Amino acid sequence: MDTPSVPPKRATEQDRLVGERIKVLRKSKGISQTALGSSIGVTFQQVQKYENSVNRVGASRLSDIARVLEVRVSSFYDGDEGGGRDRAEVFGFLRTHGAIDLLHAFSEIEDDQLRREVLAIVRTVARIEQVPDS
(Lines give C-alpha, C1' and ligand atoms only; values in the text may rest on other atoms or scores of the structure.)
Protein backbone atom coordinates (compact mmCIF):
# COMPACT_ATOMS: atom_id res chain seq x y z
CA MET A 1 0.00 0.00 0.00
CA ASP A 2 1.41 3.38 -1.03
CA THR A 3 1.55 6.12 1.52
CA PRO A 4 0.55 9.48 0.10
CA SER A 5 3.51 11.81 -0.03
CA VAL A 6 3.32 14.82 2.19
CA PRO A 7 4.50 18.00 0.53
CA PRO A 8 7.50 19.60 2.24
CA LYS A 9 6.71 22.37 4.65
CA ARG A 10 7.34 25.78 3.15
CA ALA A 11 9.09 28.53 5.00
CA THR A 12 6.70 30.98 6.60
CA GLU A 13 7.17 34.69 7.20
CA GLN A 14 8.24 33.82 10.75
CA ASP A 15 10.85 31.39 9.37
CA ARG A 16 12.17 34.19 7.15
CA LEU A 17 12.41 36.57 10.12
CA VAL A 18 14.20 33.97 12.25
CA GLY A 19 16.74 33.37 9.47
CA GLU A 20 17.24 37.07 8.95
CA ARG A 21 17.82 37.61 12.67
CA ILE A 22 20.28 34.75 12.85
CA LYS A 23 22.26 36.47 10.09
CA VAL A 24 22.13 39.92 11.70
CA LEU A 25 23.07 38.64 15.15
CA ARG A 26 25.84 36.44 13.73
CA LYS A 27 27.33 39.34 11.80
CA SER A 28 26.99 41.70 14.76
CA LYS A 29 29.12 39.27 16.80
CA GLY A 30 31.67 39.00 13.98
CA ILE A 31 31.09 35.25 13.65
CA SER A 32 31.43 33.59 10.25
CA GLN A 33 28.93 31.10 8.91
CA THR A 34 31.67 28.47 9.15
CA ALA A 35 32.36 29.23 12.82
CA LEU A 36 28.67 29.23 13.71
CA GLY A 37 28.14 25.99 11.82
CA SER A 38 31.08 24.31 13.56
CA SER A 39 29.79 25.44 16.95
CA ILE A 40 26.35 23.91 16.36
CA GLY A 41 27.46 20.84 14.41
CA VAL A 42 26.41 21.78 10.87
CA THR A 43 28.16 23.00 7.73
CA PHE A 44 28.35 26.65 6.70
CA GLN A 45 26.03 25.73 3.83
CA GLN A 46 23.40 24.68 6.36
CA VAL A 47 23.81 28.01 8.19
CA GLN A 48 23.28 29.73 4.81
CA LYS A 49 20.10 27.73 4.32
CA TYR A 50 18.85 28.74 7.77
CA GLU A 51 19.64 32.41 7.11
CA ASN A 52 17.98 32.37 3.69
CA SER A 53 14.96 30.39 4.94
CA VAL A 54 15.65 27.53 2.56
CA ASN A 55 15.58 25.23 5.60
CA ARG A 56 13.54 25.81 8.72
CA VAL A 57 15.39 25.92 12.04
CA GLY A 58 14.26 23.37 14.60
CA ALA A 59 13.78 24.32 18.24
CA SER A 60 16.87 22.54 19.58
CA ARG A 61 19.04 23.95 16.78
CA LEU A 62 17.71 27.45 17.43
CA SER A 63 18.58 26.99 21.10
CA ASP A 64 22.13 26.02 20.08
CA ILE A 65 22.40 29.08 17.82
CA ALA A 66 21.16 31.35 20.62
CA ARG A 67 23.76 29.90 22.99
CA VAL A 68 26.62 30.51 20.52
CA LEU A 69 25.40 34.04 19.72
CA GLU A 70 24.89 34.71 23.45
CA VAL A 71 21.27 35.80 23.06
CA ARG A 72 17.95 34.49 24.29
CA VAL A 73 15.93 32.30 21.93
CA SER A 74 13.20 34.94 22.13
CA SER A 75 15.58 37.34 20.35
CA PHE A 76 14.66 35.58 17.11
CA TYR A 77 10.97 36.40 17.46
CA ASP A 78 8.79 39.51 17.47
CA GLY A 79 7.31 40.64 20.73
CA ASP A 80 10.22 39.81 23.01
CA GLU A 81 9.49 41.48 26.36
CA GLY A 82 7.01 43.90 24.84
CA GLY A 83 9.60 45.47 22.54
CA GLY A 84 8.48 43.72 19.37
CA ARG A 85 7.96 46.81 17.24
CA ASP A 86 11.20 48.43 18.42
CA ARG A 87 13.08 45.17 17.89
CA ALA A 88 11.63 44.80 14.38
CA GLU A 89 12.71 48.35 13.57
CA VAL A 90 16.26 47.69 14.82
CA PHE A 91 16.51 44.52 12.76
CA GLY A 92 15.19 46.48 9.78
CA PHE A 93 18.01 48.98 10.17
CA LEU A 94 20.60 46.26 10.60
CA ARG A 95 19.50 44.60 7.34
CA THR A 96 20.73 47.67 5.46
CA HIS A 97 23.90 46.76 3.57
CA GLY A 98 26.91 48.02 5.53
CA ALA A 99 24.97 48.92 8.70
CA ILE A 100 26.74 46.44 10.93
CA ASP A 101 30.16 47.45 9.57
CA LEU A 102 29.26 51.11 10.15
CA LEU A 103 28.20 50.38 13.73
CA HIS A 104 31.40 48.44 14.45
CA ALA A 105 33.56 51.23 13.05
CA PHE A 106 31.54 53.91 14.87
CA SER A 107 31.84 52.08 18.19
CA GLU A 108 35.63 52.00 17.81
CA ILE A 109 35.83 55.81 17.79
CA GLU A 110 36.86 56.64 21.33
CA ASP A 111 36.66 60.43 21.19
CA ASP A 112 33.10 61.61 21.98
CA GLN A 113 33.46 64.84 20.01
CA LEU A 114 34.74 63.01 16.94
CA ARG A 115 31.87 60.52 17.25
CA ARG A 116 29.36 63.42 17.30
CA GLU A 117 31.03 64.94 14.23
CA VAL A 118 30.87 61.65 12.33
CA LEU A 119 27.19 61.36 13.23
CA ALA A 120 26.60 64.93 12.00
CA ILE A 121 28.27 64.08 8.68
CA VAL A 122 26.13 60.97 8.23
CA ARG A 123 22.95 62.90 9.05
CA THR A 124 23.91 65.63 6.56
CA VAL A 125 24.51 63.08 3.80
CA ALA A 126 21.15 61.43 4.57
CA ARG A 127 19.36 64.80 4.30
CA ILE A 128 21.13 65.61 1.02
CA GLU A 129 20.03 62.29 -0.46
CA GLN A 130 16.40 63.02 0.49
CA VAL A 131 16.30 66.35 -1.38
CA PRO A 132 14.50 65.75 -4.69
CA ASP A 133 16.42 66.70 -7.83
CA SER A 134 15.38 70.04 -9.24
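This is a predicted model: local features need pLDDT of at least 70, side-chain atom pairs count only at pLDDT 80 or more; totals for chains, interfaces and linings use all residues.
For the chain taken together, the average pLDDT is 84, and 84% of the residues score at least 70.

Next, select Ile22, Leu36, Ile40, Tyr50, Ile65 and Phe76, which are the residues with the most contacts inside the largest nonpolar core, a set of 20 residues. If you then display the helices around this core, you will find that α1 (13–28), α2, α3 (44–51), α4 (59–69) and α5 each supply at least two of its residues, and that α4 gives the largest share, with five residues.

From there, move to Ile31, which is found in the loop between α1 and α2. Is Ile31 buried or exposed? Its relative accessible area is 19%, and because residues under 20% are classed as buried, Ile31 counts as buried.

Finally, turn to helix α7 (residues 112–130), whose 19 residues should span 27 Å at 1.5 Å a residue, in agreement with the 27 Å between its end C-alpha atoms. At the N-terminal end of α7, select Asp111, which caps the helix through a side-chain oxygen lying 3.1 Å from the backbone nitrogen of Gln113. Then show Arg115 together with Phe106, where the charged end of Arg115 sits over the Phe106 ring, 6.0 Å from the ring centre.

Note on methods: Residues are numbered from 1 along each chain as its sequence is written. Side-chain values use heavy atoms; hydrogens and water are left out. Helices (H or I, at least four residues) and strands (E, at least two) are DSSP runs, numbered from the N terminus. The expected span of a helix is 1.5 Å times one less than its number of residues. A polar contact is a pair of N or O atoms within 3.5 Å; within protein, one must be able to donate a hydrogen and the other to accept it, and residues adjacent in sequence count only if both atoms are side-chain atoms. A charge sits over a ring if NZ of Lys or CZ of Arg is within 6 Å of the ring centre and within 35 degrees of the ring normal. pLDDT is the predictor's confidence in each residue, from 0 to 100. A nonpolar core is a set of buried Ala, Val, Leu, Ile, Met, Phe, Trp, Tyr and Cys residues joined through side-chain atoms within 4.5 Å. Buried means under 20% relative accessible area, exposed over 50%, partly exposed in between (1.4 Å probe, protein chains only).
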